[in-house]
Each structure stands twice: as structure tokens, then as C-alpha cells.
Amino acid sequence: MSRRLTARAADRWRGAHPDATVTYRDLGTNPIPHLDAATGLARMVAAEQRTAAQDASFALSAELIDEIKQADTVLLGLPLYNFAPPSTVKAWVDHIIVSDQTTNTETHTGLLGDTEFIVLASRGGGYGPGTPREGWDHAQTWLPHALSVTGLQPQFITAELTTADASPKTAHLKPLAAESLNKALAAIDELWAADEDAA
């Protein structure tokens, strides 16, 4: 479902900015490598002290950061996996937190705050206020905290109950799932409506 939402948002963004270019990165089919014992310190070690593995890892971080800096808007699809973000999204975040690249070391302020950041989230279950699992969506609470040092401020649009069709036990939730999806699609359609009208 997050792919459907991000595709809708990308189409709407293109409609409002017909002369702009789009960079597409699929974290699901081309995942960012997780930081490990060989690469984890690459963003903390002086260039001349890095190993070959750390050099390659730092170069990827620089590429990912440059994509954000060149963008007016970043769209991120965020499905909920076992109450948390996919590890590939965590790896992306880990790579873009780099001192003096996305965070000013002296002022401790983020350097990516001028980039619009839209997060298209999907949740198989219901985690809203008053539900039995209210607060169990740790992806939506984690992401703003994780990226706070960069200045990126996520604006969430969420569709939930996306697995209501998967089992007869949840068939009674289908109307709520449809309502949630329709609200998410309507919110996406409003994002750049003013820009599109002005174009």
C-alpha cells in the first residue's frame, strides 16, 4: 500500500512541477547496506584513516545526502513491519546522519530543514486513538526523533487497516479501511494543489 501512496504522491508532484526532474530510489528492491562492524564508524573517522569498506560506505552516505540536498521534496514510503519501520529505512536514516553534512557540529542544528519531507505510511492494523493497539506504531514516533538532528521534519499521511481483506475475521473492518485510504488519497491530492493551479 505504501507503494500505491508514494506513486500517487509522485504523480501529483509531477503535475504541479511539470518541468522538474525526479530521482527514484527503491529501498525495497535495492536496499541500503546496514551499518556493521566494518562500516559503522565510517561517518566518524577522518578520511585519511578510513578503510576501503569505510570509504565505500561514506561515499554512499554522501550520495544519499546529495539526493536530499538537490531535492525540493522527498517522498518516503513507510510500511509498518512488526510495529516498527523496515530495516532498510533505518539503514537509510543511519547513512544520512553525518556531522557537518546534515548536522552543524557547532550549533547542533540540522542542515536539511529546507527540504519538504512527505512520509506515506501504511499500517496493516489499526493503531489510532482508542484502538487496542494505540501507540504500537513505533515507526511514526521513531522517524521524527531519528531525523531531528538533520532538520528534516516529516509530514505523515497514513492509510491503516490495509490488511482488512486478508482474513474473514477482519472483514468487518473493510469500511474503516476504505475510509482511511480515501482520507490518505485526499490528503495527497491536496499537497501541491495550489502549485498545480498556479502552473
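This is a predicted model: local features need pLDDT of at least 70, side-chain atom pairs count only at pLDDT 80 or more; totals for chains, interfaces and linings use all residues.

Biologist: Which elements do the buried residues of α3 pack against?

Modeller: The buried residues of α3 pack against α2, β1, β2 and α4.

Biologist: What makes α3 largely enclosed by the rest of the structure?

Modeller: A residue is called buried when its relative accessible area is under 20%. Seven of the 10 residues of α3 are buried, so the helix is largely enclosed by the rest of the structure. The buried residues are Thr88, Val89, Ala91, Trp92, Val93, His95 and Ile96.

Biologist: Why are α2 and α3 called roughly perpendicular?

Modeller: Two packed helices are described by the angle between their axes and the distance between the axes. For α2 and α3 the angle is about 95°, and the axes are 8 Å apart. Angles of 65 to 115 degrees count as roughly perpendicular, and α2 and α3 are therefore roughly perpendicular to each other.

Biologist: Which residues meet where α2 and α3 pack?

Modeller: Ser57, Leu60, Ser61, Leu64, Ile65 and Ile68 belong to α2, and they meet Trp92, His95 and Ile96 of α3.

Biologist: Why is α3 described as roughly parallel to α4?

Modeller: The axes of α3 and α4 cross at roughly 15° and come within 10 Å. Angles under 35 degrees count as roughly parallel, which makes α3 roughly parallel to α4. The crossing of α3 and α4 is left-handed. Here Val89, Lys90, Val93 and Ile96 in α3 meet Trp142, Leu143, Ala146 and Leu147 in α4.

Biologist: How do you know whether Leu143 is buried or exposed?

Modeller: Leu143 lies in helix α4. Its relative accessible area is 0%, and the cut-off for buried is under 20%; Leu143 is therefore buried. Leaving out residues up to four places away in sequence, Leu143 touches Leu76, Leu78, Val93, Phe117, Val119, Pro154 and Phe156.

Biologist: Which residues have the most contacts inside the largest nonpolar core?

Modeller: That core has 28 residues, and those with the most contacts inside it are Trp92, Ile96, Phe117 and Leu143. The elements giving two or more residues to this core are α2, β1 (73-79), α3 (87-96), β2 (116-123) and α4 (138-147). Phe117 is in contact with several residues beyond its neighbours within four places in sequence, including Val74, Leu76, Trp92, Leu143 and Leu147. Another core, of 14 residues, lies apart from the largest one, and among its residues are Leu5, Ile118, Ala184 and Leu191.

Biologist: How far apart are Leu143 and Leu5?

Modeller: Leu143 and Leu5 are 138 residues apart in sequence, and 18 Å separates them in space, C-alpha to C-alpha.

Biologist: What about a loop residue: is Thr150 buried or exposed?

Modeller: Thr150 lies in the loop between α4 and β3 (154-160). With a relative accessible area of 0%, Thr150 is buried. Apart from neighbours within four places in sequence, its contacts include Ile96, Ile97, Thr102 and Thr103.

Biologist: Let us turn to charged side chains. What makes the pair of Arg8 and Asp189 a salt bridge?

Modeller: Side chains of opposite charge can pair when their charged atoms come close. A salt bridge requires the nitrogen and the carboxyl oxygen to be within 4 Å. The closest N and O atoms of Arg8 and Asp189 are 2.8 Å apart, and the pair forms a salt bridge. Arg8 lies in helix α1 (residues 2-16) and Asp189 in helix α5 (residues 174-190), so the pair ties together parts that are 181 residues apart in sequence.

Biologist: Why is Arg8 called partly exposed?

Modeller: The term applies between the limit for buried, under 20%, and the limit for exposed, over 50%. Arg8 has a relative accessible area of 26% and is therefore partly exposed. Asp189, at 26% relative accessibility, also counts as partly exposed.

Biologist: Why does Asp165 count as exposed?

Modeller: Exposed means over 50%, and Asp165 has 62% relative accessibility, so Asp165 counts as exposed. Its side chain meets that of Lys174 in a salt bridge of 3.7 Å, N to O. Lys174, at 40% relative accessibility, counts as partly exposed.

Biologist: How many salt bridges are there by this rule?

Modeller: The count comes to 12 salt bridges.

Methods. Residues are numbered from 1 along each chain as its sequence is written. Side-chain values use heavy atoms; hydrogens and water are left out. Helices (H or I, at least four residues) and strands (E, at least two) are DSSP runs, numbered from the N terminus. Buried means under 20% relative accessible area, exposed over 50%, partly exposed in between (1.4 Å probe, protein chains only). A nonpolar core is a set of buried Ala, Val, Leu, Ile, Met, Phe, Trp, Tyr and Cys residues joined through side-chain atoms within 4.5 Å. Contact means heavy atoms within 4.5 Å. Axes are lines fitted to C-alpha atoms, for helices over the stretch in contact, and angles run from 0 to 180 degrees between N-to-C directions. Angles under 35 degrees count as roughly parallel, over 145 as roughly antiparallel, 65 to 115 as roughly perpendicular and the rest as oblique. A crossing is left-handed if the near helix is turned anticlockwise from the far one by less than a right angle, and right-handed if clockwise.
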